[in-house]
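I opened this notebook to record what I looked up about charged pairs, strand pairing and backbone angles. The entries follow the order in which I consulted the model.

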Amino acid sequence: MRLRHKPWAHEFLQEHPELVVTKAEQVNKNWKKRFGNGQPVHLEVGTGKGKYLSDNSIKHPDINFIGMEMYESVLATGVQRALFKQPENLAFIHGDVRHLMEYFEPSSVETLYINFTDPWPKKRHEKRRLTHPDFLELYKQILVPGGTVQMKTDNQGLFEYSLSSLSTFGFALRKVRLHLHESEEAKGNVMTEYEEKFYAKGEPIYFTEAVRP
């Protein structure tokens, strides 16, 4: 993904602490207090421009949604979208997924989403893939028992790698779909911006749901 630098993004994110956590101390892992309720928490890692979570937060007001993104210029667009829609059950973290444990208590997230993440196809970049075992260990810690990882991608190579990585790590593959939009999961599916483009071209979207070991 080619990033377009937005010089105003840093200051913009700092101006909206009601939506964006820029330091772990702002939440102290207490998301119930931040949201003011005890609703289940769903987390998207690498949330990008935030369309998926913003749409989901409107569709499912009984769930608290959190999106984590390390690139300010990308996250700023998601925050702009959220300010327009003003959902009360949506928040963002400006931070690196490697630091998940600074923001979440163990067994505190019910569902974790990985949508159209960078495939990092070169072998030397394997550890950057968000389904590498190093990341799966973090997901395992913050997911509740029986919690799930849901993944969507257009990249067959990354999908095959992720299925292998999840299985080897001990996650149970509950659903594997080679063409999401031709499966029963298409009903009620919320699309990301990338997904809308691929769907319009008739390209397959790969999907899996895996249960925490």
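Entry 1, Glu209. I began with the burial of Glu209, which counts as buried because its relative accessibility is 7%. For burial I used these cut-offs: buried is under 20% relative accessible area, exposed is over 50%, and partly exposed lies in between, with a 1.4 Å probe and protein chains only. I note that this is a predicted model, in which local features need pLDDT of at least 70 and side-chain atom pairs count only at pLDDT 80 or more, while totals for chains, interfaces and linings use all residues. Residues are numbered from 1 along each chain as its sequence is written, and side-chain values use heavy atoms, with hydrogens and water left out.

Which side chain meets Glu209 in a salt bridge? I found Arg174, at 2.9 Å from N to O. A salt bridge here is a side-chain nitrogen of Lys or Arg within 4 Å of a carboxyl oxygen of Asp or Glu. The pair links distant parts of the chain, with Arg174 in strand β7 (residues 172-177) and Glu209 in strand β8 (residues 206-211), 35 residues apart. Helices (H or I, at least four residues) and strands (E, at least two) are DSSP runs, numbered from the N terminus.

Six of the six residues of β8 are buried, so the strand is mostly covered. Tyr206, Thr208 and Ala210 point one way, Phe207, Glu209 and Val211 point the other way, and all are buried. In a regular strand the side chains alternate between the two faces of the sheet.

Strand β6 (residues 143-153) pairs with β8 in the antiparallel sense over six bridges, and Gln150 stands opposite Glu209. β7 also pairs with β8 in the antiparallel sense, over five bridges. Leu173 has Ala210 in β8 as its bridge partner.

How many salt bridges does the rule give? The count comes to 10. One of them joins the side chains of Glu196 and Lys51, at 3.2 Å from N to O. This pair also links distant parts of the chain: Glu196 lies in helix α7 (residues 193-200) and Lys51 in helix α3 (residues 51-59), 145 residues apart. Glu196 is partly exposed, because its relative accessibility is 36%, whereas Lys51 is buried at 16%. I also noted Glu126 and Lys123, whose side chains meet in a salt bridge at 2.7 Å from N to O. Glu126 is buried, with a relative accessible area of 18%, and Lys123 is exposed, with 65%. Finally, I recorded a network of salt bridges linking Lys175, Arg177, Glu184 and Glu185.

Most residues other than glycine have a negative phi, and most peptide bonds are trans. Phe116 has a positive phi of about 50° although it is not a glycine. Phe116 is found in the loop between β5 (109-115) and α5 (133-142), and at 11% relative accessibility Phe116 counts as buried. Trp120, likewise not a glycine, has a positive phi of about 40°. Trp120 lies in the loop between β5 and α5. Is Trp120 buried or partly exposed? I found Trp120 partly exposed, with a relative accessible area of 23%.

Notes:
Two strands pair if DSSP finds at least two bridges between them.
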